[in-house]
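Subject: Structure handover

Hi,

Here is the structure I said I would pass on. My notes follow below it.

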Amino acid sequence: ADDPSGHGPANSQGVGLAQLAEPGGYLAGFESASTFLGIVALALFASSVAAEFSTGTIRALLVIDSRRRQLLAGKIAGLAAVLVVVVAFAAVVGAIVAFAISGSQGVDTDAWATTNGAIEGAAIIANLALATTVWGLFGALIAIVSRSAAISIAAGVAYLLIGEQLILHSLWPSTADWLPAGILGALAEGGTESRAFVAALVFAAGYAAVAYL
C-alpha cells in the first residue's frame, strides 16, 4: 500500500498502511471495489427483470395480481435480499483474506479485533449494500424500458462508467457531487470530503424513488 510503484490504490485513493491499520481497515480493499459490486448488482437486477418480459412470465404474474407496483416492489425486495447476503458473504471472505495476509504485509491489526473494528466493518457492509441496491434499481429501471438484459446492462455500464465517469466529470467536475455514480460512490465510502454521508444518502434515496416510480 505504501509502494508508489506497486499496483495497489495507494496513489489514487490514499490507502496506506496507516489507513489499513484503522478499525475498519480489514475491509479497505473490499470497500474500494464498490463500483465493481455496483455493476454486478446492476447486471443481476437487469437480467432478472428483463427475463420476466422475454419469457412472458410477467403476463402470467399480472393475471394473478394486476397491481404492478406491488409486484415490482416484491421483485426488487427479493433481489435486494439476495444482494445483501452476497455482499455480506463477500465482506466476510475479504476480512478473512485480510487477516490472513496482514502479517506478511506489515499491517498492524490491533484495532481490527475490537468493538470499534466490528462497528466499522458493519457500517462498511451496510453502506455497500445500500449503494449496490440502488445500482440494482437503475438496472431494473432500464430493463423495464428496454425489456432486454443485454441492452440494459450495456446501457447502464456505458452511462455509469463511461458517460458519467469519463465524459461528464471531465467536462464538469462538479457533477461528481450529485450525479448517480458519484453519489453512490460517496454512499459506499460512508461520505467523502465533497459529499457528506447524510447528503449522499438523501440523494441516493431520491434516485431510488425516481427509479421505482
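This is a predicted model. I start with helix α4, residues 34-54. It has 21 residues, so at 1.5 Å a residue it should span 30 Å. The C-alpha atoms at its ends are 30 Å apart, which agrees.

Much of my interest in α4 is in its buried positions. These are S34, L37, G38, A41, L42, F45, A46, S48, V49, A50 and E52. As a reminder, an α-helix has 3.6 residues a turn, so residues three or four places apart point the same way. Just after α4 comes G56, with a positive phi of about 80°.

Next, the core. The largest nonpolar core counts 42 residues. Within that core, L27, F30, F45 and L128 have the most contacts. At least two of its residues come from each of α3 (28-31), α4, α6 (68-102), α7 (115-146), α9 (180-188) and α10 (197-212).

What does L128 touch, leaving aside residues up to four places away in sequence? The list is F30, E31, S34, L37, V87 and A188.

Now the aromatics. There are three aromatic pairs in the structure. One of them joins Y26 and F99: the ring centres are 5.8 Å apart and the planes meet at 40°, so this pair is tilted. Y26 sits in the loop between α2 (17-20) and α3, while F99 belongs to helix α6. The pair therefore ties together parts that are 73 residues apart in sequence.

F99 has a relative accessible area of 40%, so it is partly exposed.

F99 has another partner. With W112 it makes an edge-to-face pair, 5.0 Å centre to centre and 80° between the planes. W112 lies in the loop between α6 and α7, so this pair links parts 13 residues apart in sequence. W112 has a relative accessible area of 5% and is buried. Taken together, ring pairs link Y26, F99 and W112 into a cluster.

- N127 is found in helix α7. It is buried, at 12% relative accessible area. Leaving out residues up to four places away in sequence, N127 touches L187, A188, G190 and F197. A188 is also on the contact list of L128.
- S146 is in helix α7 too. With a relative accessible area of 25%, S146 is partly exposed. Its contacts, not counting residues up to four places away in sequence, are I151 and S152. The side chains of S146 and S152 are joined by a polar contact of 2.8 Å.

One last distance. S146 and A46 are 100 residues apart along the chain, yet their C-alpha atoms are separated by 9.8 Å.

Best wishes

How values were computed:
Residues numbered from 1 in each chain as written. Predicted model: local features only at pLDDT ≥ 70, side-chain atom pairs only at ≥ 80, totals over all residues. Heavy atoms only, no water. Helix = DSSP H or I, 4+ residues; strand = E, 2+ residues; numbered from the N terminus. Expected span 1.5 Å × (residues − 1). Buried < 20%, exposed > 50% of the residue type's maximum accessible area, 1.4 Å probe, protein only. Core = buried A, V, L, I, M, F, W, Y, C linked by side-chain atoms within 4.5 Å. Contact = heavy atoms within 4.5 Å. Phe/Tyr/Trp six-rings, centres within 6.5 Å; stacked < 30°, edge-to-face > 60°. Polar contact = N/O pair within 3.5 Å; in protein donor to acceptor, adjacent residues only side chain to side chain.
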